[in-house]
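Subject: Structure for your review

Dear colleague,

Please find below the structure that I am handing over to you. My notes on one helix pair and on the aromatic rings follow it.

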Amino acid sequence: MQQTSADHSENSVGLLGYFSKLGYSKSWSPFLMALSTEFSQQLSELELRTLMRRVGVAMAEREALPPCDALPAVEQAINEVLEKMSWGVVSVQDLGHSLNIKHAACPLVNAMGQNSRPWVGGILEGLYQAWFKALGAQDALVVKQIGEYNDLRREFEFSLSV
C-alpha cells in the first residue's frame, strides 16, 4: 500500500509539530485565543461544534474543489486547498462502506488554544461535508470525527448517518 502524505508526515513528529504551528499568523493569536475563550464560556460544546461545522461549510463554499473523477483526485484537490491555507495534509481511504479521512498538522488548536480541542474539529467536519456534497455525495452521507483528537491528526469518517 502506498504511503500518503498525511501518513508520511506522522513519521516526522518534530517536523509535524513545526508545520502545525505555521497555519496562522502570530498576529492573530491574541484575537483567536480570546474568541475561543469567549465561545467556550458562552456556548455548550454541542453548540460550538455546530457553529464550527457551519463555519467549515462557509469556508468550503469560498474554497471550492474542482470537479474530480476519482478519490485520488479528490485527495489531491483537498491537499491543494489545505496547502494554500497552511492547514496541513489529508489522506482519504476508501474502506468500502465508508471513507476514512486523516487530517494531519492542522493548526486550529495551536491557533485557538487548548480549550477549543473538543469542538474545533467541527470546522473540518463542515469543510469536508460541503466538499463531498458539492462533488455529488448524497445528503444521507455525513462526515463526523471519530476517535480522540491528538496533536498529530484528527480522523473522520464519511458514511451513512446512523
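**Helix contact and aromatic pairs**

The axes of helix α4 (residues 45-62) and helix α7 (residues 121-134) cross at roughly 40° and come within 6 Å. Axes are lines fitted to C-alpha atoms over the stretch in contact, with angles from 0 to 180 degrees between N-to-C directions; helices are DSSP runs of H or I with at least four residues, strands runs of E with at least two, numbered from the N terminus. This is a predicted model, in which local features need pLDDT of at least 70 and side-chain atom pairs pLDDT 80 or more, while totals for chains, interfaces and linings use all residues. Residues are numbered from 1 along each chain, and side-chain values use heavy atoms, without hydrogens and water.

The contact (heavy atoms within 4.5 Å) includes R49, M52 and R53 of α4 and L127, A130 and W131 of α7.

The whole structure holds five aromatic pairs. Rings of Phe, Tyr and Trp (its six-membered ring) pair if their centres lie within 6.5 Å; planes under 30 degrees apart count as stacked, over 60 as edge-to-face and the rest as tilted. Y128 and W131 form an edge-to-face pair, 6.0 Å centre to centre with 65° between the planes. Both lie in α7, three residues apart, about one turn of the helix. Y128 is buried (under 20% relative accessible area; exposed is over 50%, partly exposed in between; 1.4 Å probe, protein chains only), at 0%, and W131 is buried at 2%.

The rings of F132 and F158 are stacked, because their centres are 4.5 Å apart and their planes at 20°. F132 lies in α7 and F158 in strand β4 (residues 153-160), so this pair ties together parts 26 residues apart in sequence.

Yours sincerely
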